[in-house]
Every structure is written in C-alpha cells, then in structure tokens.
Amino acid sequence: MGILEIIAGVLLILCSVVIIMLVMSQQPKTSGMSAMTGGSDIYGEMQSRTADAKLAKLTKVAGIVFFVLTIAVSAIALLAK
C-alpha cells in the first residue's frame, strides 16, 4: 500500500465524518410535536432556513467530494497493482 493510497483513504474517512456531522446538524423537515399541539415558532423557522440552506449546500458539496475521492481511491488501487 503506497503513501498515496493511505492519504486518499484518510481523506475519504475525513470526508465521511464531515458528511455525518453536516447531516446531523441539519434541522428535520417535519415540525414534530409542535405541529400536533398547534404551536409554531415563525421567527425560529425563518432564521433557521438560511442556516439549513447553507448546511444543505455544504452537504451536497461534501457528497460530491466523497464521490470523487471514492473513484480516485479505486483508480489508485487499480493502478498500484
């Protein structure tokens, strides 16, 4: 296993951890219990939409990076043989 494979593997693991953290930090799309009781926080919803939009965009970018890194790791492994 070459140094390039190790570096690519570590980057792949870091990217997967970043994706997990981004997804876990997003607000759920459903209202949950507050919708059942009739209560809603309009200000909180409006304020969190911009943060959720940024997190969603970052998640998409991290997903693309993860996809490209996966292909790169596979190509490196094939070329190393």
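Q: Helices are DSSP runs (H or I) of at least four residues, numbered from the N terminus; in which helix does Ile13 lie?
A: In this predicted model, the protein chain has 3 helices and 0 strands, and its elements run α-α-α from the N terminus on. One of these elements, helix 1, spans residues 3-25. The element in which Ile13 lies is helix 1.

Q: Which element of the protein chain has the lowest mean pLDDT?
A: The predictor's confidence in each residue is given by pLDDT, from 0 to 100, and the mean for the protein chain is 81, with 75% of its residues at 70 or more. Where pLDDT is low, the predicted coordinates should not be read in detail. Helix 1 has the highest mean among the elements, 91, whereas the lowest, 56, belongs to residues 33-37, which form helix 2.

Q: Is Ile13 buried or exposed?
A: A residue counts as buried under 20% relative accessible area and as exposed over 50%, with partly exposed in between. Ile13 has a relative accessibility of 54%, which is over 50%, and therefore it counts as exposed.

Q: How far apart in space are Ile13 and Phe66, C-alpha to C-alpha?
A: Along the sequence, Ile13 and Phe66 are separated by 53 residues. In space, the distance between Ile13 and Phe66, taken from C-alpha to C-alpha, is 9.1 Å.

Q: Which element gives the largest share of the largest nonpolar core?
A: The largest nonpolar core has 7 residues in all, namely Leu12, Cys15, Ile19, Leu22, Leu55, Ala62 and Leu69. Two or more of these residues come from each of helix 1 and helix 3, the latter covering 42-80. The largest share of the core, 4 residues, is given by helix 1.

Q: Which residues is Ala62 in contact with, leaving aside its neighbours within four places in sequence?
A: Ala62 is itself part of the largest nonpolar core. When neighbours within four places in sequence are left aside, the residues in contact with Ala62 are Cys15, Ile19 and Leu22.

Q: What percentage of the residues of the protein chain count as buried?
A: The accessible surface of the protein chain comes to about 6500 Å², and 75% of this belongs to carbon and sulfur atoms. Residues count as buried if their relative accessible area is under 20%. Of the 81 residues in the protein chain, the share that counts as buried is 12%.

Notes. Residues numbered from 1 in each chain as written. Predicted model: local features only at pLDDT ≥ 70, side-chain atom pairs only at ≥ 80, totals over all residues. Heavy atoms only, no water. Core = buried A, V, L, I, M, F, W, Y, C linked by side-chain atoms within 4.5 Å. Buried < 20%, exposed > 50% of the residue type's maximum accessible area, 1.4 Å probe, protein only. Contact = heavy atoms within 4.5 Å. Areas by Shrake-Rupley, 256 points an atom, 1.4 Å probe, with all protein chains shown as cover.
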